Amino acid sequence: MRMVKPVRMLWALGIAAVGLLPLAGAASAQSTYATDLSTERGGSILVFPKVIWDGTRDTVIKISNTSNSMVHVHCFYVNGAQQCNETDFDFWLTRQQPTIWVASLGRAYLPDAGLFPGLIPPVPQGFEGELKCVQVDEALIPLRGNALTGQANLVDDIGDVSQYNALSFQGNPDMNAIGGDTNMTLDLTPFNQGGTYSACPAVLLFDHFAEGVTDMVADASLSTELTLVPCSEDLENQIPSSRTVNFDIINEFENHFSVGLTFSCWFNEPLNDRRFGGALGISALLTQSAYSRITSSNGGVIGLAEEFRDGTGAAAFNLETEGYQAAPDRIVLPQP
Amino acid sequence: MSTMTANVRRTMLLGAVGVLALAGAATVVRADVASDKPGAILIFPKVVVDPSGVLGPLPGTDTELQLVNTSNSVVGAKCFIVNQTAHCSNNGLACTAANAAERCGSTGACVPPCSPNVAENDFSITLTKRQPISWKASEGLPNSQFPCSLNAGGPGCPGGQSNGTSSIPGVQEVPFIGEIKCVQVDAASFAPSTGLNPDNNFVGDLKGEATIVSAVTDDIDARKYNAIGLQSTGFNNGDLTLQLGGPDAEYNGCPKVITLNNYFDDAPVTTHRGAPPLTHVVRTDLTVIPCSEDFATQRPRGTTLQFLAFNEFEQRFSTSIGLSCFKEVTLSDIDSRPGPIGDAQSIFNFAVQGTLTGQTRIRPVASTGSDRRVLAITEEFWTTDSTTRSSAANTFFVPSSNGSDAGDQILLPFEP
């Protein structure tokens, strides 16, 4: 039977609408970063990739509660200089409360220094590693409240200072209804909005100067230190994660170079370290600046970089990110 | 029921379900700006050239700028250097509110920037696939020094790619303080475009950093921040009005609230346990710029900024300040006279707050038809008995609701 015109139009509308569904989903996913690892939004896991107390450089940590509720925070110092040993502590922050402590000093009870959040231990001299802080409930079970922001200052013994924002993993608050455990999966993306915490990036975008180039302003030799930590961490069994990372390096002439290396637990080296094989130096690159894309074949990595000019004038900066790891990383906290 | 009626019902049901599902799936959840991801608009809120220390505490200052095309395609960028340097009304010297008396004397006033108009120079560049470039703000980068310039005489770039007629001017004057905004454009037509990289969902391909370096002989200081990226929504009509957030948004909207994890000014911070401990006095400079910008008529678009500061006792204080088109201010000068007088009475000072750190929330007041939102960075100056050293950081954002936002606009100039 011949369909009347209105029916034909309805068929066409329905078919077209269903056909456009995948594109609409893609458009929706395309425009949101509310699920992404961030360096400028409150999160449920904070990572400070570079914490140092070696007698020369010290680190000042600032954490704020951006919410209007009390939050409980469980933190872990991970010592990259000592087989990834971890020390943990916890504290409370009232609504909108900031707190601060110095890595070498920790935080003792000081009656006039603000509402006391809790004792924070100092790190031993020689500590080089990371600090991870997780928003938790009263029972130290992870809670996805996205209330924490953090910053760190790296200060040396002549007063030189640099600063970076902590990396913050967004938690999916919808998962709080299901309950949480100490095994945290990093699988939340715009395409998997049922995930738990932000997925680690597929690529780190590292825009840097060629190692050893003469600085444009200071007429000094410019060096960059790169810090990388694995996204996955097993703090329950204290098993360090290792990562094999590859650098695709592009100079200003669009010439490509590459180098790979493997590290365990924590990596912090200047770009003229022997493991880079000179690929990031001015002698190889021949141009002032370069762009390195950092990927990992066996799990996610995150990090930051810090420049020095003739060994001083420190300036830290966060790396940018692209994409998401195909397989989720995991952070396993010790059982409470 | 007749077959025809059943057919009509099935058809209507299919159409209704399809339309409803499409409407639900097409709900765009827009996030805020990001300094940790590439974008289609890139903003450097603070660029300084100050050899003599007129505009800040450290002489010998210049800014190193880095820009990268993160995509595997050739991209263009249309950039604007916005001059925000204030001048004395009587002698034309560069000045700040804090040194107005010294620079302008008793017969002049330090006229703020963009009064009456915003002063900008613009330039266009083409970047080849994944190409990084860098330049010094005071000198720019002439075409002959672009790595893939046809005039460079160098080895050139693979596949015959070229930077074309790219050229970056130096800043308009010295001393200089201001901002740089870069808009990703189509490399052929130079019309505003979306990103070209499918790996980041076409949100934009530009990333950059600024390093403010101060050097006097062997005394070197540096502070670095990531340029702030506004991500494309995937829609761009290529016209001269760039819609940031709000209805028919071409780019993500600017954040509704900016938050700082700040030290209160003159906070004494002791580090280095053992002998000798080191005590620093910390002060913070805040640089705020509006998201909206009118490069067509060069009229400033200001707003009022509401500040809410919490100390470590969870005590809350508030103040407000006007923003015309650019503000670079020490925290203690937000609610006190410019300069050191009155700082000890500021709500941003350790002398008032009694705790080292605070959390500050900055909310711009919207107007009809525009959210009048802002972007910001902070710089800390750490002083010991012998040195002053600085660091910089990007601020934090509170995600905006977007649903009822009016948005902001950047109006590009018409070029015949």
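1. Chain B and chain A bury about 8,400 Å² between them, with 58% of that area on carbon and sulfur atoms; buried area here is the accessible area, taken with a 1.4 Å probe, that two parts lose on being put together, summed over both. In this predicted model, local features need pLDDT of at least 70 and side-chain atom pairs count only at pLDDT 80 or more, while totals for chains, interfaces and linings use all residues. Residues are numbered from 1 along each chain as its sequence is written, chains are lettered from A and ligands numbered from 1 in the order in which they are written, and side-chain values use heavy atoms, with hydrogens and water left out.

2. On the interface itself, 106 residues of chain B are in contact with 105 residues of chain A, where contact means heavy atoms within 4.5 Å. Seven salt bridges are counted between chain B and chain A, a salt bridge being a side-chain nitrogen of Lys or Arg within 4 Å of a carboxyl oxygen of Asp or Glu. The side chains of R389(B) and D160(A) form a salt bridge, at 3.9 Å from N to O.

3. Polar contacts across the interface of chain B and chain A come to 36 residue pairs, both residues being at pLDDT 80 or more. Such a contact is a pair of N or O atoms within 3.5 Å; within protein, one must be able to donate a hydrogen and the other to accept it, and residues adjacent in sequence count only if both atoms are side-chain atoms. Helix α1 (residues 3-25) of chain B gives the largest share of the side that touches chain A, namely eleven residues; helices (H or I, at least four residues) and strands (E, at least two) are DSSP runs numbered from the N terminus.

4. As to confidence, the model scores ipTM 0.90 and pTM 0.90. The mean pLDDT of chain B is 88, and 88% of its residues reach 70 or more, pLDDT being the predictor's confidence in each residue, from 0 to 100. Some care is called for over residues 14-30 of chain B, where pLDDT stays under 50 and for which the model has 30 contacts beyond four places in sequence.

5. Chain B has three helices and 25 strands, and of its 416 residues 58% count as buried; buried means under 20% relative accessible area, exposed over 50%, and partly exposed in between, with a 1.4 Å probe and protein chains only. Among the contacts in chain B between residues at least 6 apart in sequence, 72% join residues at least 24 apart.

6. T233(B), in the loop between β12 (228-230) and β13 (241-244) of chain B, counts as buried because its relative accessibility is 12%. The side chain of T233(B) reaches the backbone oxygen of A249(B) at 2.8 Å and the backbone nitrogen of F235(B) at 3.5 Å.

7. F414(B), in the segment after β25 (408-411) of chain B, is exposed, with a relative accessible area of 64%. The C-alpha atoms of F414(B) and A296(B) are separated by 6.7 Å, although these residues are 118 residues apart along the chain.

8. Backbone geometry also deserves a look. Most residues other than glycine have a negative phi, and most peptide bonds are trans. The peptide bond from V174(B) to P175(B) is cis, with omega near 0 degrees, and P175(B) is in the loop between β8 (132-136) and β9 (176-185) of chain B. E314(B), in the loop between β18 (303-311) and β19 (316-323) of chain B, has a positive phi near 65 degrees.
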